[in-house]
Amino acid sequence: MIPYGRQHITPDDEAAVLAALRSDFLTQGPRVAEFEEKFAAYVGAKHAVAVSNGTAALHLCALALGVRPGQRVITSPLTFAASANCVRYCGGEVHFVDIDPATGLLDLAATRALLETHARGHFSGLIPVDFAGLAVDMEATRALADEFGLWIIEDSCHAPGGFFVDSKGQQQLCGSGRFADLAIFSFHPVKHIATGEGGMITTSNEKLARHLRRLRTHGIEREPAGLLRQDEGGWYMEMQELGYNYRMPDVLCALGISQLSRADANLARRRELAARYDGAFAALPGVAILAPGRPGHAYHLYVIQVANRRGLYDFLRTKNILAQVHYVPVHRMPYYEKLGWRAGDFPAVEAYYERCLSLPLYPTLSDEEQAYVVRCVGEFEAQNTAVTA
Ligand SMILES: *Cc1c(COP(=O)(O)O)cnc(C)c1O
């Protein structure tokens, strides 16, 4: 089977994990801070806080930004459910805005239209998603957020190393913290950097970073400068608020550091494979792609859109190609429908969902395997066009 995504573990990764296992630290050790520093440097952020996974990262971000019952937060329906769920964990209300069908990203004009129909303060925050690896224009998003007094959590799980080009022609990396208050990443095996479970929050806001570090470990403060009462000795610590155990262990940070050292090479390979898909599908009129050729795409996913998606999915399975659908729109999940969202609420994302299919894309996908995938898609399209002609 050729899957849509997969991790790649090298002998160097194994050696890094083994060295960590043989050290004195299983959970919180020196590799946590090392991974944080290296990851922050990779995405151009001042601070990075490692946590147990991307969902925990979202939860802590929502807590640190003060989401509470009654608050309303806007996100895209084209994402993994966790981008919305983090608001629910804190008792807030999720509001969806449709996607721009040309990019798959949250439609900023529609977001503005929604914001303008309510008084300032009606909404508290925005959670845009760098869907498939295509970077959100965070400069424009920040400007809109500032106009309406919103915070921003950038869900960059699909886009480590991705960037958009700002109004001055500068490349702005996803998760740099220049525009969003907080950004989050996941190290789930299908993502760019795989540690099994793992996540990261990046920010340029030192106060938020400090708060997140406290929240990820039960709300406990140990730093003398952060204590509320007088230090009572070397053992002294204070639980100052309700936090969680969302720490990322030293052993997994060792794997993360090792994986991160190959991130640039892997991203280059993803882009090379994507460009080859682009070229092949340009010749197939029945196959559409999102935002072809846009610079800075990090290509977590390579998504095509076809009329007979179910047919193509099933056909590829008979060819041992396990494509995938990203995503069933979040507002169509039974849980969110119980909260009042309905089919028909967001026509662009619903139309997108009917046609989308993520093809195999990962750094170790060989040229031959990719050529086979392209051939199979072409074969199906030729049959299908013959039938409908
Ligand atoms: C993977 C993913 C998450 C959640 O990350 P986990 O590490 O699996 O918890 C959140 N948002 C998006 C867009 C993702 O792709």
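## Close-up views of a predicted model

**Figure 1. V49 in strand β2.** V49 is a residue of strand β2, which spans residues 47-51. Helices (H or I, at least four residues) and strands (E, at least two) are DSSP runs, numbered from the N terminus. V49 is buried, at a relative accessible area of 1%. Buried means under 20% relative accessible area, exposed over 50%, and partly exposed in between (1.4 Å probe, protein chains only). G161 is 112 residues from V49 in sequence. Their C-alpha atoms are 17 Å apart in space. This is a predicted model, with residues numbered from 1 along each chain as its sequence is written, and side-chain values use heavy atoms, leaving out hydrogens and water. Local features need pLDDT of at least 70 and side-chain atom pairs count only at pLDDT 80 or more, whereas totals for chains, interfaces and linings use all residues.

**Figure 2. V377 in helix α13.** Helix α13 covers residues 367-388 and holds V377. V377 counts as buried because its relative accessibility is 0%. Q170 lies 207 residues away from V377 along the chain. The C-alpha atoms of V377 and Q170 are separated by 37 Å.

**Figure 3. The shell around the ligand.**

**Figure 4. Polar atoms facing the ligand.** A polar backbone atom of G54 is 2.7 Å from an oxygen atom of the ligand. T55 places a polar side-chain atom 2.5 Å from an oxygen atom of the ligand. For D155, a polar side-chain atom lies 2.8 Å from a nitrogen atom of the ligand. On its own, the ligand has 380 Å² of accessible area, and the protein covers 93% of this. Accessible areas come from the Shrake-Rupley method with a 1.4 Å probe; for residues, only the protein chains shown count as cover.

**Figure 5. The nonpolar patch and L339.** V328, M333, Y335 and L339 make a nonpolar surface patch of about 310 Å². Patches are made of residues with over 30% relative accessible area and no salt bridge; like charges are joined within 9 Å, and nonpolar side chains (Val, Leu, Ile, Met, Phe, Trp, Tyr) within 5 Å. A salt bridge is a side-chain nitrogen of Lys or Arg within 4 Å of a carboxyl oxygen of Asp or Glu. L339 sits in the loop between α11 (334-338) and α12 (347-355). L339 counts as partly exposed, at 42% relative accessibility.

**Figure 6. The cis peptide bond at H326 and Y327.** H326 and Y327 are joined by a cis peptide bond. Omega is about 0 degrees. The loop between β15 (321-322) and α11 holds Y327.

Figure 7. A132 has phi near 70 degrees, a positive value in a residue other than glycine. Its loop runs between β5 (125-127) and α6 (138-147). A132 is buried, with a relative accessible area of 4%. Phi of H218 is also positive, near 70 degrees. H218 lies in the loop between α7 (206-215) and β11 (220-221). H218 is partly exposed, at a relative accessible area of 33%.

Key. A polar contact is a pair of N or O atoms within 3.5 Å; within protein, one must be able to donate a hydrogen and the other to accept it, and residues adjacent in sequence count only if both atoms are side-chain atoms.
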